[in-house]
Amino acid sequence: LVVALEERAIPAVWVLHEWWPKEMLVDELTQRNDRNTTPEVVARALATCRLTVCVCAAQRDLYAPASAAVTFVGVPSPAAGWRVGALPPERRPLTLLSLGIVCPRKNQHWAIEVFRQFVGARTDVRLLVVGARYTRSYEIEYVKKVEAAAEGDPRIEIHPVTTDVDQYYRQSDVLLFTSLNEVTPMVIAESPMRSMAVVTTNIAGIPEM
């Protein structure tokens, strides 16, 4: 779209979302069965777009567009009464939350492995993995891998994708975010707004956030 608009002298602003180095770009487009977008097309678009908006400085540095601006991610405030119905921390296990589409990029099977190693035999902790989706074949395969990593551990719950994320935030104390590839994930902004600690991988725009 960016290339087509520029060819017709129609000004365009391109807001970048992904964090895909060249070697990853091909893999991600292949998984999505996108045969039109290639590294060459992306490079041409970055070189010709009138203004490319990046959501963090690290993304700007990765793609190096010809004309770029950085606009950081913002998130809406929690819904009114989002804590309603939540058990106080002293009446429930210490709860870690892994929130996001369950897929290889977000690395939830490793979150489970780290959690189990960390807690040992403790029974006063739990992990909520939220975001299992069953639409793309590679996601379905990965959900099975995540379930296998849990090995039926009753302290680990795996839940489907939801639009009501507050129901899980209000049950949780710590965000455990183990992604291998991100830009500026919403959950990194949403969790501190809800007074939750964050344990995360140190990639892309996360240090800026």
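Val-53 stands opposite Ala-69 in β3. That strand is joined to β2 (residues 51-54) by 3 bridges, and β2 and β3 run parallel. Strands here are DSSP runs of E with at least two residues, helices are runs of H or I with at least four, and both are numbered from the N terminus; two strands pair if DSSP finds at least two bridges between them. β2 and β3 belong to an open sheet of 3 strands in the order β1-β2-β3, with parallel pairing. β1 (13-15) and β3 (68-70) are its edge strands, each pairing on one side only. From one strand to the next, the twist averages 25°; the axes behind that angle are lines fitted to C-alpha atoms, and angles run from 0 to 180 degrees between N-to-C directions.

A word on the model: it is predicted, so local features need pLDDT of at least 70 and side-chain atom pairs count only at pLDDT 80 or more, while totals for chains, interfaces and linings use all residues. Residues are numbered from 1 along each chain as its sequence is written, and side-chain values use heavy atoms, with hydrogens and water left out.

Now the whole chain. It has 8 helices and 8 strands, and its C-alpha trace spans about 60 × 35 × 25 Å along the principal axes.

Next, β7. β7 pairs with β4 in the parallel sense over 2 bridges, with Leu-97 opposite Leu-175. β7 is also joined by 4 bridges to β8 (residues 197-200), again running parallel, and Phe-177 has Thr-200 in β8 as its bridge partner.

Two residues in the loop between β4 and α5 are worth a look: Cys-103 and Lys-106.

| Residue | Relative accessible area | State |
|---|---|---|
| Cys-103 | 6% | buried |
| Lys-106 | 12% | buried |

Why does Lys-106 count as buried? Because its relative accessible area is 12%, and buried means under 20%. The side chains of Lys-106 and Glu-182 are joined by a polar contact of 2.4 Å, that is, a pair of N or O atoms within 3.5 Å; within protein, one must be able to donate a hydrogen and the other to accept it, and residues adjacent in sequence count only if both atoms are side-chain atoms. Leaving out residues up to four places away in sequence, Lys-106 touches Gly-100, Ile-101, Phe-177, Thr-178, Ser-179 and Glu-182, a contact being heavy atoms within 4.5 Å. With the same exclusion, Cys-103 touches Gln-108, Tyr-138, Glu-139 and Tyr-142.

Notes: Buried means under 20% relative accessible area, exposed over 50%, partly exposed in between (1.4 Å probe, protein chains only).
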